[in-house]
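Work through the exercises below with the sequence and the model open. Each task is followed by a solution in steps.

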Amino acid sequence: MALPNIDVTPIGSLRSIEEGSRVVVRGWVYRKRVLKNKVFLVIRDSSGIVQVVFSGGLVEEASRLNIESAIYVGGTVKREERAPGGVEIQADGILWEFVGEHFPINEDAAEADSELLLDLRHLWVRSRKMQAVLKIRSTIFSAVHEYFRSNGFYEVQAPTFISAAVEGGSTLFSLDYFGTPAYLTQSAQFYLEALIYSLEKVYTIAPSFRAERSRTRRHLTEFWHAEMEMAWAGLRDVMKVGEGVISRAVERVLQDNLEELSILGRKTEYLERIRPPFPMVSYDEAIDILRNKGVQLKWGDDIGADEERVLTLQFEKPIHLHHFPEAVKAFYHKNDPQRPETTLSVDVLAPEGYGEVIGGGERIENYDELVNKIRRFGLEPGNYGWYLDLRRFGSVQHAGFGLGMDRLVMWICGLDHVRDALPFPRDMRRIRP
RNA sequence: GCCGCCGUAGCUCAGCUUGGUGGAGCGAUGGGCUGUUAACCCAUAGGUCCCGGGUUCAAGUCCCGGCGGCGGCGCCA
């Protein structure tokens, strides 16, 4: 049946509409309460929810509408203390309807954070919780683009099919590319390094793929990666852009999504203090802090998830953890000339135990230094042909980072698991829906 | 790769320690209810207790094996 050709009022704007006005709203049945002579349907659209009261001759038709049925309904706006949100609609007619089958997700399942919600993700995205996360995610993506573009970065695109690894080779998804082996990209970094010699400051937001058999709340096999690279730049510049982009995202969410944060139960005071500058903590200092907290660590050990948690709980803001030892960072990180056993590297760790959201630093711009380090890491320089080539033609000091967009959303929303930060997560054991 | 945990109604789970005729809430169906807020009240239907083997007079419960799932670590964003 064709949709009614009529103006509709977004539910979210009803609060500002004069009492007594006649409106038509459309949406899906979110709650249903049937009494003898009245039916209360709470209708949901993308902008909010409103209670619609059906009485008299409309009771029978309204009571046939199951949860998640779709409806156009006309009625009169009324201020009503007893209604959720303080406004309701006294229905005078159902203009259009689609009576759905019984919706398979009930309150029990929704409370439980169950596997069912992942199996039925195509339906669960309708929930108020997912709706709130997706709105905040949209704000965050917008803010990240906005930050880069307003700071002189060009947006670029790198290929998804690639022929070689950025780092090792074990975490690549392989595929058959017309008879030759190929892989899905795990980072656009090398391509961005090439592009800085054209555009100087570049960024991209794109999926990266990691075939890691990870079973943690922070890992996906397909994740949205915001990466940037800058010519003529060093470690301090990476930190500045990192804290800038994160702060902008938080600021925009606080500006645009207070209602969504409240739906998620996310307290804003954790977010309100997120402003530059972020504390800088060197690897050496981190080891000291952790030892004072009773964590047994020796210099050179990597700082794992448990250590990150202890460390970040000491701070209210994200921290720049910098100068990691050579062995715990990938080969392309530049060693600090002042202290060659360390690298000009930085991770940004989100507070409240959330941990790493950014990894980056200064890259090696010298050809021989890069070849030597590739060999020192037991890798084959021949596999890095065009990447090494970049060091032969006007090579300059440069630096960049990768930001896990899904992790950023997870932290800002206060979620328990990164897979709830995007609509259709991919992990080791899940490729549908 | 390593370490834990779980599998019982459509869904979420209790029952297992100490073996003795399968339970609750939600959902569904039917009925009731003068304004509900995850409405409420009454009733009804709904089961291969993951699979296979073993112990036992008797196994959802104990033992062995298998399958499936979950969480954490490592790895990273």
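**Exercise 1. Describe how α7 packs on α14.**

Solution. Begin with the handedness: α7 and α14 form a right-handed crossing. The model is a predicted one, and the values below are computed from it.

Next, take the geometry. The axes of α7 and α14 lie 11 Å apart, at an angle of about 45 degrees. Angles under 35 degrees would count as roughly parallel and 65 to 115 as roughly perpendicular, so α7 and α14 are oblique to each other.

Then list the residues. From α7 come Ile246, Ala249, Val250 and Val253, and from α14 come Leu408, Trp411 and Ile412. Sorted by class, this contact of α7 with α14 has seven nonpolar, no polar and no charged residues.

The spacing of such positions follows from helix geometry: an α-helix has 3.6 residues a turn, so residues three or four places apart point the same way.

**Exercise 2. Describe how α5 packs on α14, and classify the contact residues.**

Solution. The crossing of α5 with α14 is right-handed.

On the α5 side, the contact uses Val133, Ile136, Arg137, Ile140, Phe141 and Val144; on the α14 side, Met405, Asp406, Leu408, Val409, Ile412 and Cys413. Of these residues, 10 are nonpolar, none is polar and two are charged.

**Exercise 3. Is α14 mostly covered or mostly uncovered, and what follows it?**

Solution. Eight of the nine residues of α14 are buried, which puts the helix in the mostly covered class. The buried residues are Met405, Asp406, Leu408, Val409, Met410, Trp411, Ile412 and Cys413. After α14 comes Gly414, with a positive phi near 70 degrees.

**Exercise 4. Classify the packing of α10 and α11.**

Solution. Helix α10 (residues 283-292) and helix α11 (residues 305-312) have axes 10 Å apart at an angle of about 85 degrees. Angles of 65 to 115 degrees count as roughly perpendicular, so α10 is roughly perpendicular to α11.

Ala286, Ile289 and Leu290 of α10 meet Glu307, Val310 and Leu311 of α11. The contact of α10 with α11 comprises five nonpolar residues, no polar ones and one charged.

**Exercise 5. Is Leu118 buried or exposed, and which residues does Leu118 touch?**

Solution. Leu118 belongs to helix α3 (residues 115-119). The relative accessible area of Leu118 is 5%; buried means under 20%, so Leu118 is buried. Not counting residues up to four places away in sequence, Leu118 touches Arg419, Pro425, Arg430 and Pro433. The C-alpha atoms of Leu118 and Val418 are separated by 13 Å, with the two residues 300 apart along the chain.

Definitions and conventions: Residues numbered from 1 in each chain as written. Chains lettered and ligands numbered in written order. Predicted model: local features only at pLDDT ≥ 70, side-chain atom pairs only at ≥ 80, totals over all residues. Heavy atoms only, no water. Left-handed = near helix turned anticlockwise from the far one by under 90°. Helix = DSSP H or I, 4+ residues; strand = E, 2+ residues; numbered from the N terminus. Contact = heavy atoms within 4.5 Å. Nonpolar A, V, L, I, M, F, W, Y, C, P; charged D, E, K, R; others polar. Buried < 20%, exposed > 50% of the residue type's maximum accessible area, 1.4 Å probe, protein only. Axes fitted to C-alpha atoms, helices over the stretch in contact; angles between N-to-C directions. Parallel < 35°, antiparallel > 145°, perpendicular 65-115°, else oblique.
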